[in-house]
Structures are given as structure tokens and as C-alpha cells.
Amino acid sequence: MDRMWATVEAGAVERGADEESAVVAAARDGDESAFGALAERHRRELQVHCYRMLGSVEESEDLVQETFLRAWRGLAGFEGRSTFRGWLYRIATNACLDVLAQRPRRVLPYEVAPAARGDTALPEPVDHPWLEPYPDRLLPDADAPDAAAVERETIELAFLAAIQHLPPRQRAVLILRDVLGWPAKDTAALLDLSVAAVKSALQRARVTMRRHLPRRRSEWGAGTDPSAAERALLQRYMDAHQRRDPRALAAVLRADVRVSFPPLPLWLDGSRDFVRGSTEFATAGEYRYRPTRANLQPAVAVYLRRPDKSGFHLLAVEVLRIEEGMISEIVDFSAPRVLAAFGLPLSL
């Protein structure tokens with residue numbers, strides 16, 4: 001039986017390769033629609049790849065478009081030595097490296113400012129290259145062929161924050177080898193490096209990642225779908241906020257919870273300061289909370305109705321990390337450009 005299925009799968013792969021070759025040939029003959037159909041199959045996984053490299057949804061969208069443009073213009077140079085997908089990854093990775101050579105790494109507030117207290121004056125937004133969340137709605141569908149390119153532990157904000165500490169080429173090596181599972185030989189060919197250089201870069205990258213990833217990460221990285229306990233915890237968190245109940249809020253937080261508020265250079269260290277700050281920093285008005293998802297993590301869309309206005313308007317999206325049944329980190333994103341990527345209703 002196993003041999004039969006292996007034969008079937010091998011035949012399917014061969015037919016897929018033949019179909020791809022036919023489409024590539026049509027595209028080389030000037031059939032732009034054939035090229036577009038072939039490229040679009042890989043759009044979502046390429047965007048996730050660019051997001052891992054860059055830490056920005058907007059930049060990742062732009063770089064996928066740039067990848068397709070470069071691929072179309074250079075199609076005559078595609079000799080079929082790799083798959084068309086692999087060729088697109090080569091173009092996308094090099095396009096990302098071009099961008100990374102021109103700007104500093106993306107950050108979160110705790111990397112650029114000291115921890116604030118719950119009674120600290122609210123600072124003004126700062127134009128840092130902030131790390132951005134990735135709405136789950138933009139991820140490949142669970143049953144799509146490219147869904148395997150996305151695993152929770154390699155898309156969560158903690159992973160993205162850690163990978164920002166890697167030099168660009170180390171970042172590319174780590175993603176290609178440890179995230180996408182490319183062989184060292186293929187990674188070396190894509191990056192124009194020797195196999196020895198790839199192995200060395202990967203070893204150094206892993207050391208840096210271990211230094212910057214949360215200590216208890218192995219306890220929260222598995223799985224992609226929210227559990228019943230996770231959904232219940234999220235509901236308790238939203239209810240506590242909506243009731244303005246500090247005790248209920250503290251009950252769902254780890255004592256060492258870290259809460260940050262990009263684009264403000266503001267973060268709070270510990271549940272005591274956050275519970276106090278949730279009152280001190282809150283804009284006057286009535287709030288509503290709705291569950292959403294980002295980076296394969298639970299998230300909350302925050303809506304506010306100000307005293308002098310009608311209707312609830314989208315104010316922020318909070319992305320939560322859960323450890324051992326409690327919330328250990330909250331990143332509150334409020335930049336309008338970031339919120340637009342979620343496709344959420346702007347008002348309730």
C-alpha cells in the first residue's frame with residue numbers, strides 16, 4: 001500500500017512539474033496572464049517570507065510586488081535549474097537584503113526606552129522603525145500547499161523581535177535553513193555563499209536567537225489553533241477591561257507581564273504597573289473589545305467611543321502572548337497604517 005501511494009505521489013509531482021514547465025514556456029512567449037497565474041500561487045508564502053525578513057506588513061507586500069516585477073523582467077534568465085518557486089524565493093530574499101542594507105532593524109519599545117511606571121506622563125509617538133504585527137487573515141489557508149511554510153513559533157512576535165537582532169545574511173540563512181527547511185547546498189546557491197559559510201552563519205544565528213527568545217518559549221510555541229482555555233482567557237481579559245475591573249485584569253496576567261505601546265516609546269514591566277497604567281493612560285470614553293488574530297496569536301481589537309462623539313471607533317489592536325495559562329506579554333499597536341492591514345471595521 002505504501003509503495004502504491006508513493007507511486008501516486010511521484011506521478012502527481014511529475015505532472016505538476018510538467019504543468020509548471022508549460023506555464024513558464026507560455027510566459028516566456030509573452031503570456032503575462034500565464035506568468036501571473038503561476039506567480040500568484042506563491043504570493044502568500046512569499047509575503048510571509050518577506051515579513052520574516054523585514055518585520056513589516058507594508059514592506060512585505062511591496063517586496064512581493066517587486067519580486068514579481070523582477071521575475072517577469074528576468075524570465076528569460078530562468079533556466080529551470082531550480083523550481084519556479086525556488087527562483088522566486090531567490091529574487092524575494094535578495095530584494096529584502098537590498099532593503100535591509102539601507103535601514104536599521106525594527107524594534108519594540110522595550111528596546112529603545114526604559115520601563116515606565118503606571119503614573120508616568122504619556123509620551124508622544126516616535127518615528128522609529130517599529131516591528132509590526134501580521135494579521136492572520138493574510139496567512140496561507142490551512143489547506144493550501146504553501147501552508148507548511150508557516151508555523152506558529154516562526155511567525156510569533158517574539159520570534160520576529162529576536163530575528164531582528166541578526167545581520168541580514170544571517171537572518172536569511174536562519175529563515176531558509178531552520179524555518180523553510182532548505183538544504184545547506186540550496187541555501188548557499190541562493191545567497192551566493194559557500195556551504196561552509198552557510199553552516200557558520202547558521203550556527204552564529206542560533207546562538208543569537210537563543211539569547212533573545214523568551215526563556216520559556218518551548219512551553220508556548222506549539223499548535224496553531226486557539227484552545228478552549230486560550231479563548232476563555234481572552235474573554236476574561238476583554239471582560240475585565242470593559243468592566244474596568246483591576247482585580248479581574250490582574251488575575252489573568254503574569255506578575256512579570258511586559259506591555260508595550262508602539263509607536264509610543266512606552267512600555268510597562270509587571271502587572272502592577274500595567275493595571276495602574278490601564279487607568280492612568282486610558283483615553284476618556286467607553287470601550288468595546290473584539291477578538292481577532294495576529295501572528296497566530298490571540299489578539300484584541302479595541303474600540304473607543306469618546307464622550308463628545310458618537311459610535312465606537314477602532315483605536316488599537318493588542319497582540320497577546322500566553323504562557324502557562326496566563327498573559328505574559330501584550331503589544332498594543334495603534335498606528336493607523338498598521339490597523340488598516342487587519343481589515344477590521346473602523347467603527348461599531
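**Figure 1. R254 and E324 meet in a salt bridge.** In this predicted model, the closest N and O atoms of R254 and E324 are 2.9 Å apart; a salt bridge here is a side-chain nitrogen of Lys or Arg within 4 Å of a carboxyl oxygen of Asp or Glu. The pair links distant parts of the chain, 70 residues apart: R254 sits in strand 1 (residues 253–260), and E324 in the loop between strand 5 (313–323) and strand 6 (326–333). Strands (E, at least two residues) and helices (H or I, at least four) are DSSP runs, numbered from the N terminus. R254 is buried, with a relative accessible area of 15%, whereas E324 is exposed at 55%. For these words, buried means under 20% relative accessible area, exposed over 50%, and partly exposed in between (1.4 Å probe, protein chains only).

**Figure 2. E329 and R258 form a salt bridge between strands.** The N to O distance of this pair is 3.4 Å. E329 belongs to strand 6 and R258 to strand 1, 71 residues apart. E329 is buried, with a relative accessible area of 8%, while R258, at 25%, counts as partly exposed.

**Figure 3. E230 and R293 pair up in a salt bridge.** Their closest N and O atoms are 3.1 Å apart. Because E230 lies in helix 10 (residues 228–243) and R293 in strand 3 (residues 286–294), the pair ties together parts that are 63 residues apart in sequence. Both E230 and R293 are buried.

Figure 4. The whole structure holds 22 salt bridges.

**Figure 5. C50 and C96 are in no disulfide.** The structure holds zero disulfides, a disulfide being a pair of cysteine sulfur atoms within 2.5 Å. The cysteine sulfur nearest to that of C50 belongs to C96, 3.6 Å away. C50 is buried, with a relative accessible area of 0%, and C96 is likewise buried at 0%.

**Figure 6. Helix 2 (residues 32–40) has its buried residues on the same side.** These are A34, F35, L38 and A39. They cover an arc of only 125° around the axis, so they fall on the same side of helix 2; the arc is that of the directions from the helix axis to the C-beta atoms. On the other side, E32 and S33 are exposed.

**Notes for all views.** Residues are numbered from 1 along each chain as its sequence is written, and side-chain values use heavy atoms, with hydrogens and water left out. Local features need pLDDT of at least 70, and side-chain atom pairs count only at pLDDT 80 or more, while totals for chains, interfaces and linings use all residues.
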